[in-house]
Amino acid sequence: MCASKIRAQVLYGPKDLKLVVRDIDAPAKDEVQVAIKSTTLCGTDLHYFTHYANGDIRIMEPLTQGHEATGIVVEVGPDVSTLKVGDRVAIEAGVPCAACEHCLAGRYNVCPKIKFRSSAASIPHFQGTLQDRINHPAQWCHKLPENLSYDEGALLEPLSVAIHSVRKANIRPKSRCLITGAGAIGLLCSAVAKSYGCEQVVMTDIASNRLEFARNNGFAEEVHTIIPNRGADVQEDLSIAQDLAEDLLALGGEPVLSRGGFDAVFECTGAESCVRVGVYAARPSSSVLLVGMGTPIQTLPM
Ligand SMILES: [Zn+2]
Ligand SMILES: [Zn+2]
């Protein structure tokens, strides 16, 4: 097959979204062409849509969004032997260089040359998955088991974020965790922590309906709706965070109080105020995982 036409969602500025028709080439020798079946939208997509930026990363040219995706292989490059037409796959959105020290050590997630779909971090931007079809390296397409739907498969990318975070936190049976942020990442961190034996999750958010969902579906035992409250200066902000942390410790109950804090904190909002609460709420010798990306420069109680 040679070049053909596809439709793509393209963001041209804040809230300036268009559907355009563009060309797609045949896949390169190590690529497959995937017809996208499902793409979930995450906080990053929303930030780009609203601000044309995510934290301190600014969009420099028109960008197609979406990076959590599944699809079906419709064409394979001549050197591809691992996949065939008709295979259902999940897309791994980050394509690393495969040659640097980090890649060779297996830590390709920190490859400085990684290109990430729908991220403005690399230039030219690596276009996202909200397109009819994409060409993607076969190495970074993972075959879906039959019992997984396309929609479920699209959640593998955020799930992998949660698995990586929970492994770093070294969660043990009977541990109690605090999770700030009840979005998809917070919920998935909870699900994975529980699979490692975590017995209690206390979850916070500014949206009480999200917390209700979390509690009703077994992602959180205790929840606390945060009412945004800014102090007059940093000192006051820190004491607000400290007071909130004490309330959360009380929600954690006797085991958390006697250990001097939570066994791990998963900060899934990126908000400076939540990171501060997390530092205050973690017990000695535990972990505060900065899972969310947000405020680029923060003042924290160290
Ligand atoms: Zn995402
Ligand atoms: Zn690399």
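**Exercise 1. Which residue in E14 does Val 202 stand opposite?**

Before we start: this is a predicted model, where local features need pLDDT of at least 70, side-chain atom pairs count only at pLDDT 80 or more, and totals for chains, interfaces and linings use all residues. Residues are numbered from 1 along each chain as its sequence is written, chains are lettered from A and ligands numbered from 1 in the order in which they are written, and side-chain values use heavy atoms, with hydrogens and water left out.

*Solution.* Step 1: find strand E14, residues 222-225. (Strands, E, are DSSP runs of at least two residues and helices, H or I, of at least four, numbered from the N terminus.) Step 2: E13 and E14 pair in the parallel sense over four bridges; two strands pair if DSSP finds at least two bridges between them. Step 3: Val 202 faces Glu 222.

**Exercise 2. Is strand E13 mostly covered or uncovered?**

*Solution.* Step 1: recall the cut-offs: buried is under 20% relative accessible area, exposed over 50%, partly exposed in between (1.4 Å probe, protein chains only). Step 2: in E13 (residues 200-205), six of its six residues are buried, so the strand is mostly covered. Step 3: side chains in a regular strand alternate between the two faces of the sheet. Step 4: on one side sit Gln 200, Val 202 and Thr 204, on the other Val 201, Met 203 and Asp 205, and all are buried.

**Exercise 3. Which residues coordinate the zinc ion (ligand 2), and why is the arrangement called tetrahedral?**

*Solution.* Step 1: the donors are the SG atoms of Cys 97, Cys 100, Cys 103 and Cys 111, at 2.3 to 2.4 Å. (Donors are N, O and S atoms within 2.8 Å of the metal, or 3.2 Å for Na, K and Ca; water is not among the atoms, so sites may look incomplete.) Step 2: their angles run from 104 to 115°, which makes the arrangement tetrahedral; four donors qualify if all angles lie between 85 and 135 degrees. Step 3: Cys 97 is partly exposed because its relative accessibility is 28%, while Cys 111, at 3%, is buried.

Notes. Four donors count as tetrahedral if all angles lie between 85 and 135 degrees; four count as square planar and six as octahedral if opposite donors are over 155 degrees apart and all others between 65 and 115; anything else is irregular.
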